[in-house]
Amino acid sequence: MEMTFGIIKPDAVKKGNIGAILNRINEKGFKVVAMKMIQMSASDAGGFYEVHKERPFYNDLVEFMISGPVVVMALEKNDAVKGWRDLMGATNPKEAAEGTIRKDFAESIDANAVHGSDSLENAAIEVSYFFSKTELVNQ
Ligand code: CMP
């Protein structure tokens with residue numbers, strides 16, 4: 001079993017797509033280990049995306065991520081990191097495959113509906129950024 005980390009981003013929350021995205025997650029057989037809706041501060045979002053600090057899109061990314069509530073979640077499944085990335089689709093929805101979440105729910109590379117960890121190592125870091133051990137309640 002692997003654990004990965006996901007975010008339903010402000011665009012998808014605003015459009016009322018939490019339920020539809022969770023349905024896709026259920027259909028693929030992920031177990032939701034932890035989940036909560038939060039409003040990030042600039043320092044929360046800035047710290048989370050610290051690896052992108054030098055990228056030209058960093059400030060816009062932080063602004064976007066604090067523009068409304070998000071749903072953060074820890075997801076468990078065999079090969080969860082790759083499985084969640086496959087289900088999300090390409091970062092840029094214009095390049096996302098048919099049937100992926102970003103193809104169906106995302107507007108642009110900035111407002112791209114969901115986030116997912118890119119490696120098992122980053123998944124552990126990202127889960128622990130938002131959840132304490134006692135919040136991982138469904139393992
Ligand atoms: P996410 O998976 O949350 O990780 C970083 C985010 O930065 C990414 O999704 C995109 O929403 C956003 N972003 C904006 N521009 C770019 C870009 N050129 N390359 C990668 N990510 C970008």
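Tutor: First, a term. Helices and strands are DSSP runs, and they are numbered from the N terminus. Also, this is a predicted model.

Student: OK. Which element gives the largest share of the largest pocket's lining?

Tutor: That's α7, with four residues.

Student: What volume does that pocket have?

Tutor: The largest pocket has about 660 Å³. It is lined by 23 residues, and the closest to its centre are Y49, H52, F57, L61 and H115.

Student: Which elements give two or more residues to that lining?

Tutor: There are α3 (42–48), β4 (114–116) and α7 (120–130).

Student: And by class, what is in the lining?

Tutor: Eight residues are nonpolar, seven are polar and eight are charged.

Student: New topic. Where does the ligand sit?

Tutor: In the largest pocket.

Student: Which residues surround the ligand?

Tutor: K9, Y49, H52, R55, F57, L61, T91, R102, I109, D110, N112 and H115. By class, this shell has four nonpolar, four polar and four charged residues.

Student: What about K9: how far is its polar side-chain atom from an oxygen atom of the ligand?

Tutor: The K9 atom lies 2.7 Å from that oxygen. Y49 also has a polar side-chain atom 2.6 Å from a ligand oxygen. For H115, a polar side-chain atom lies 3.0 Å from an oxygen atom of the ligand.

Student: And how much of the ligand's accessible area does the protein cover?

Tutor: The protein covers 79% of it. On its own, the ligand has 450 Å² of accessible area.

How values were computed
Residues numbered from 1 in each chain as written. Predicted model: local features only at pLDDT ≥ 70, side-chain atom pairs only at ≥ 80, totals over all residues. Heavy atoms only, no water. 1 Å grid on protein atoms, 1.4 Å probe; cavity = no way out; pocket = protein on both sides within 12 Å on 5 of 7 lines; lining within 4 Å. Points joined across faces, edges and corners; volume = space filled by probe spheres on them. Nonpolar A, V, L, I, M, F, W, Y, C, P; charged D, E, K, R; others polar. Near = heavy atom within 4 Å. Polar contact = N/O pair within 3.5 Å; in protein donor to acceptor, adjacent residues only side chain to side chain. Areas by Shrake-Rupley, 256 points an atom, 1.4 Å probe, with all protein chains shown as cover. Sits in = over half its atoms within 2 Å of the grid points.
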